[in-house]
Structures are given as structure tokens and as C-alpha cells.
Amino acid sequence: MSRKQVLAVDYGASGGRVMLGGFDGTSFTISELHRFSNDPVILGDTMYWDVLRLFFEMKQGIVKSKTHGAISGIGVDTWGVDFGLLDRKGNLLDNPVHYRDGRTAGMMDETFKIVGRDRLYEETGNQFMEINTLFQLMAVKAGRPELLERTDSLLLMPDLFQYFLSGTKISEKSIASTTQMMDMRQGGWASGLLETLGLRAGMMRDILPGAVKTGSLRPGLQKELGVPAVDVIAVAGHDTESAMAAVPARGDDFLFISCGTWGLLGTELKEPVIDERSRQFNITNEAGLEGKYAFLKNIIGLWLIQESRRQWIREGKEYGFGELEAMAVGQEPLKYLINPDAPEFVPSGDIPERIREFCRRTGQPVPQTEGEIVCCIDQSLALAYRKAMDEIKACTGKQYPVIHLIGGGAQSGLLCQMTANACGLPVVAGPVEATVYGNAMAQFLALGELGSLAQARNALADTLDQIVYEPHDKALWEEAYERYKEIL
């Protein structure tokens, strides 16, 4: 089989990249063409995504691909829940607002007054988080109703970028399933729910599965960038689902942690799990490729270290991530614990001081140095993963032999080892670029180069060199887990 190439565009919450993905029928290759930061812009009291610059950066990546041979497809994945609104002429009405913007404060409780929690979870199967699309729309309805009156189409972020590329308006299923607006069992929009909340279901576009061709690069873009027509492909648009596609597992039952700005622990199932226990644990269901579902828990992830590093840079301490991990390795383990998902850790700002205050408030020793702070974060994340693992197992009734830790967190040997220790399972690290591999795999499925996701995963497992971290110090971590549960 001749080698085919695709462009995988991956936008994370803090950075993006355009990568060249190749497949020769046996193994995959990826190489970086263009990497850039993703910096929110605060204007007035609102935090926005700089969507036009992000599209400009994508175009730079497309231009750079011209020296690398023929491209058969281009696909885009992004973070979840955020969206753009288009008028009847297809023009963007407003810059997409960042999920960390404060507009959703209190909107979840306001929504529950109209539609109870039980009905909302029963229909959508989504974990309740104030950042979810539904609560963002309720905030728009309350604060800027005229904007919704002018809206013809709502496109979630990967679908918006795909529209910029091809002119086609669609809703890809995996990203639609992050909104708390999709009927998880039926696979369409929960139209009755939206109408009850005073939101027009008509502004939502038809939901399509991932790994399908949706159009071709606009003629104007072909001329501007000096490139030929190329298929635009809807991949698993939510980066978590692209990452799950790239879990290099050879069997059906596995746990994974997609660890980037967010840490998402879950498993892949053939049907969603929506019952009283999953609702109590606030576990989410998302749609994946080939009709599969991710059953997972959203946990704050490397955001805590990223934002701590930004604070230290503001203080004149220019540490790299490798330096910070080296400082943390020699610290006394399990001396300080935090709840990573406590509300005070969600906004940007002085995370190290907030960690100290959390420890003071909970009667613990207080970390002072950079190494102590990073050690505290990593071990607390590992224990948060343990708690989420126990909840997933309680809901599925399954035992799992291994955890695959994928994404940027796989580069942290300290976090991988602590996760193995906390969970009592081997942790297989990698791939780091899981979302890119998953994005490319979906494109090769759409192009007919792969016959199934299982085939793709086997080929990826054969491609990768992986590190396995075995669990240690069981009694020490079990005692720490009991202490951890007391501070939640």
C-alpha cells in the first residue's frame, strides 16, 4: 500500500499544532509542521478565544505542508463545550467566549429550576459542570438575548473551524455529546429539552458520526494558500475522543487517562451508562468513533502545574516543566494533599498560594517551595484518578488490568509512577500525541485506508515504544487515599 498523508489540526486549551500524519498500511508516522500558543483575550469583562488568530495559525500549517508531498485530508479536533454563533449569511456574530469566563456562574442552578437535575442527566448523560454548552447558552439567553435572536447556526469549535475550511455546517457527534444538549441514547439533539428551556433547537445542525468526509477546501482558500483541493474530514472533534481512539489497547476492557490541561479518566463502552449511581458520581458519557462511548470523569489536570508555572514566571522565575519535575522528585511523598477540583483552583491566578491556603484550611503542613507545590499537585492528581477509577468500576462492574496514560502527562515519569501507586495498577505511558494520532486515524478510516478502529489501534501499538510503570508502596498510598477522601 502506498503511503498516504493527512493534516491533523489539534487545538488544545493552551496551544495548538498542525501535524503531518502518515500511514503505509502497517505503521503510523507523525511530524510537526507548525505549533503555536492558544492565548485567551480578555476584553472588558469577557474572556474570549482568539479564533481568527487560531484560524490564521492553521493556515500557516497548511502552507508549510506544501513541501511534504500530496495531502489526502485535513481534520480538526478541539477542546469541548465552546461554540461560535453564525447569522443567516454565515458570518460569525461574536468571538467565541472562553469556558473559563465568569458568565456561567449560577446558571446551572437557574437551569435546574426549569428542568430538574434528574431529567437533565437522564436525557443527556453528561457530568454537570458550569462550563457545559447548555449553561453557557442559558447565560447568553439571560444576558444577551438579541444575540440568540440573530443566530441561524450554532457550531461547536471543531465544527466552526471545519466550516471555515469547507463552508459545510455540521455537528460532529463526539463534540455534540459534550454539550449537555444531546440525547445520549438516541444520538440526536434533545429538542424537547431545549424548547423547555427557551432555546431554539433549529439553530443546531445535523449530527454526523466522526470519520466521514464532509466537504472540500474552499476554492478561495485554495487560491490564497496555493494548495489543491483536499478532503475536509470530520474526525472525533472532541480532543478527548480523538485521544481515546488512539489508546493502544489490544482488548476491549481498558482504563485510560487523557492527561493534558484537563485529566479525563474513563473507559470505552458499547452503550452509555445512565443510571442513579452514575448520576450520583457525576460521571459523563461521550460519543466516540464506531458507535462506541467514553464513560469518564472530568478532573482538572496539568492546568494546576501550567498555571503555577505562569505565576512563577510573573515572579521572575523562568522554570521549564522538566526543571519543576526534577525539583518535585526528591520531596517527601504524600505530605500535602489538595482536592484538585476544588472551585478555587479553576480560575487563572496564583495557584501556589491557593494551594497553601487549602492546606492551611484543612489542617495540613503547608508546602512552600516550587518542588513541594509540584509534588503536592502530582500526588493529589494521582489520588483523584484513583477515586474516579473506583467510581467507574462501581458503575461498570468490571475489573481492569491496566491504565493507559496518554497525552502530555505521559511525559511526566513522576505523575505516571504516582498514578500507578495510587491506583494499584500498571500504567502504560503514551502516546504523548494521542489526539493527533486519533485525529489522523479517523481520517484514514474515512479515506478507506483502515478497516476498523481495532485495526488502527493494533497498528499504533506496533508503532509505539511504551514505558510501563508498576505500582509500589501499596500500604502508604492506601493510607494517603483515606486522608485524601477526608479533605474532599
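Figure 1. Asp-473 is partly exposed at a relative accessible area of 49%, where buried means under 20%, exposed over 50% and partly exposed anything in between, for a 1.4 Å probe and protein chains only. Its phi is near 55°, a positive value in a residue that is not glycine. Look for Asp-473 in the loop between β19 (467-469) and α19 (474-486); helices (H or I, at least four residues) and strands (E, at least two) are DSSP runs, numbered from the N terminus. A word on all the views: this is a predicted model, in which local features need pLDDT of at least 70 and side-chain atom pairs count only at pLDDT 80 or more, while totals for chains, interfaces and linings use all residues. Residues are numbered from 1 along each chain as its sequence is written, and side-chain values use heavy atoms, with hydrogens and water left out.

Figure 2. Val-81 sits in the loop between β6 and β7 (83-86). Here too the residue is not a glycine, yet phi is positive, at about 70°. Is Val-81 buried or exposed? With 8% relative accessibility, Val-81 counts as buried.

**Figure 3. The cis peptide bond at Pro-431.** Gly-430 and Pro-431 are joined by a cis peptide bond, with omega about 5°. Pro-431 belongs to the loop between β18 (427-429) and α17.

Figure 4. Strands β2 (residues 15-23) and β3 (residues 28-37) run antiparallel and are joined by nine bridges; two strands pair if DSSP finds at least two bridges between them. Gly-15 stands opposite Ser-37 of β3. Four residues lie between the strands of this hairpin, where Gly-25 takes a positive phi near 95°.

**Figure 5. Phe-28 and the largest nonpolar core.** The largest nonpolar core has 71 residues, and Tyr-11, Phe-28, Met-58, Phe-161 and Leu-165 touch the most other members. Such a core is a set of buried Ala, Val, Leu, Ile, Met, Phe, Trp, Tyr and Cys residues joined through side-chain atoms within 4.5 Å. Helix α17 (residues 434-446) supplies the largest share of this core, seven residues. A second, separate core of 62 residues includes Tyr-336, Phe-358, Val-374 and Tyr-484. Back at Phe-28, and leaving aside neighbours within four places in sequence, the contacts include Tyr-437, Met-441, Phe-444, Leu-450 and Leu-460; contact means heavy atoms within 4.5 Å.

**Figure 6. Arg-356 in helix α14.** Arg-356 is part of helix α14 (residues 351-361). This arginine is buried, with a relative accessible area of 13%. Which residues does Arg-356 contact, leaving aside its neighbours within four places in sequence? They are Val-366, Pro-367, Gln-368 and Ile-373.

**Figure 7. The largest cavity.** The count comes to one cavity of 30 Å³ or more, and the largest cavity has a volume of about 70 Å³. Fourteen residues line it, and Val-76, Pro-158, Gln-162, Ile-233 and Ala-234 are the closest to its centre. On a 1 Å grid over the protein atoms alone, a cavity is a set of points where a 1.4 Å probe fits but cannot get out, whereas a pocket is an open set with protein on both sides within 12 Å along at least five of seven lines; lining residues have an atom within 4 Å of a point. Grid points are joined across faces, edges and corners, and a volume is the space filled by probe spheres set on the points. β6 (73-77), α6 (157-166) and β12 (231-234) each supply at least two lining residues, and α6 gives the largest share, with four. By class, the lining of the cavity has nine nonpolar, three polar and two charged residues; Ala, Val, Leu, Ile, Met, Phe, Trp, Tyr, Cys and Pro count as nonpolar, Asp, Glu, Lys and Arg as charged, and the others, Gly among them, as polar.

**Figure 8. The largest pocket.** This pocket holds about 1200 Å³ of space. Of its 50 lining residues, Cys-259, Gly-260, Thr-261, Gln-306 and Gly-408 lie nearest the centre. Helix α13 (residues 321-329) gives the most to the lining, with four residues. By class, the lining has 17 nonpolar, 25 polar and eight charged residues.
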